[in-house]
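Please keep the sequence and the structure in view while reading.

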Amino acid sequence: MKVTVEENPGLEQTEVVIRCPRMDAEASRLVELLRLSGARLTGERDGQTCILDEDDVLYIDTVDRGTFLYTADGVYESRLRLYELESQLAARDFVRVSKSAIVNFNQVKSLRPEFGGRLRLTMSNGEVVVANRQYVPAIKKKLGL
């Protein structure tokens, strides 16, 4: 992949052009990363790419090598990997709770300790996400404990 940056003081806003012989997985992932930089998330459902507000996302999970964004309205598949979403959302209120999940902390309704040092997080829609014990310190830090 070749990357070229041109400065042009005459432009009013930044413009990104992706030139490729065909729209392949690499080009699609670049588009996805660029869309995420604007604090919007994109996910696919029913053959459509939907733009999601990050506040609407309850949690992000990986299942069978797929990354899924869960909202109160449904489930959307992302082309990005979990670690890419984690780095994009790190400055916001998203926190890693397990090897395969990231939770929007603003959507957590309650927390409850479980056996083995784990934490049970109940989301605003009633779904439960379990935080593994190695991620509990990050959650406590988010709470200020």
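## Overview of the chain

Of the 145 residues in the chain, 34% are buried. The model is a predicted one. Its secondary structure comprises 3 helices and 10 strands, and from the N terminus these elements follow the order α-β-β-β-β-β-α-β-β-β-β-β-α.

**Dimensions, surface and contacts**

- Taken along the principal axes, the C-alpha atoms fill a box of roughly 55 × 35 × 25 Å.
- The accessible surface of the chain is about 10000 Å², and carbon and sulfur atoms account for 46% of that surface.
- Among contacts in the chain with a separation of 6 or more, 41% are between residues 24 or more positions apart.

**The sheet of β8, β9 and β10**

- An open sheet is formed by 3 strands in the order β8-β9-β10, with antiparallel pairing.
- Its edge strands are β8 (108-113) and β10 (128-131), each of which pairs on one side only.
- From one strand to the next, the twist averages 25°.
- Strand β9 (residues 119-123) is joined to β10 by 4 bridges, and the two run antiparallel.
- Within β10, the residue that stands opposite L119 is A131.
- Helix α3 (residues 136-143) lies across β8, β9 and β10, and runs at about 55° to β9.

**Strand β7 and its partners**

- Strands β6 and β7 form a hairpin, with 2 residues between them.
- These two strands, β6 and β7, run antiparallel and are joined by 4 bridges.
- Strand β7 also pairs with β3 in the antiparallel sense, over 3 bridges.
- Residue V103 of β7 is a bridge partner of V95, and V103 is likewise the bridge partner of Y59.
- The side chains of β7 are divided between two directions: A101 and V103 point one way, whereas I102 and N104 point the other way, and all are buried.

**Nonpolar cores**

- The largest nonpolar core has 16 residues, and those with the most contacts inside it are Y59, V97, V103, L121, M123 and I139.
- Two or more residues of this core come from each of β3 (57-63), β6 (94-98), β7 (101-104), β9, β10 and α3.
- Strand β9 supplies the largest share of this core, with 3 residues.
- A second, separate core holds 13 residues, including L41, L52, Y76 and F94.
- Apart from its neighbours within four places in sequence, V103 is in contact with L58, Y59, D93, F94, V95, V97, V108, L121, M123 and V129.

**The polar residue N104**

- N104 lies in strand β7.
- N104 counts as buried because its relative accessibility is 2%, which is under the 20% limit for that class.
- The side chain of N104 reaches two backbone atoms: the oxygen of E54 at 3.3 Å and the nitrogen of N106 at 3.1 Å.
- Leaving aside its neighbours within four places in sequence, N104 is in contact with E54, D55, V57, L58, Y59, D93, F94 and M123.

**The loop between β3 and β4**

- D64 is found in the loop between β3 and β4 (66-71), and R65 has its place in the loop between β3 and β4 as well.
- D64 is not a glycine, yet it has a positive phi of about 50°.
- R65 is also a residue other than glycine with a positive phi, in this case near 65°.
- D64 counts as exposed because its relative accessibility is 77%, which is over the 50% limit for that class.
- R65 likewise counts as exposed, because its relative accessibility is 90%.

Definitions and conventions:
Residues are numbered from 1 along each chain as its sequence is written. This is a predicted model: local features need pLDDT of at least 70, side-chain atom pairs count only at pLDDT 80 or more; totals for chains, interfaces and linings use all residues. Side-chain values use heavy atoms; hydrogens and water are left out. Two strands pair if DSSP finds at least two bridges between them. Axes are lines fitted to C-alpha atoms, for helices over the stretch in contact, and angles run from 0 to 180 degrees between N-to-C directions. Contact means heavy atoms within 4.5 Å. A nonpolar core is a set of buried Ala, Val, Leu, Ile, Met, Phe, Trp, Tyr and Cys residues joined through side-chain atoms within 4.5 Å. Buried means under 20% relative accessible area, exposed over 50%, partly exposed in between (1.4 Å probe, protein chains only). Accessible areas come from the Shrake-Rupley method with a 1.4 Å probe; for residues, only the protein chains shown count as cover. A polar contact is a pair of N or O atoms within 3.5 Å; within protein, one must be able to donate a hydrogen and the other to accept it, and residues adjacent in sequence count only if both atoms are side-chain atoms.
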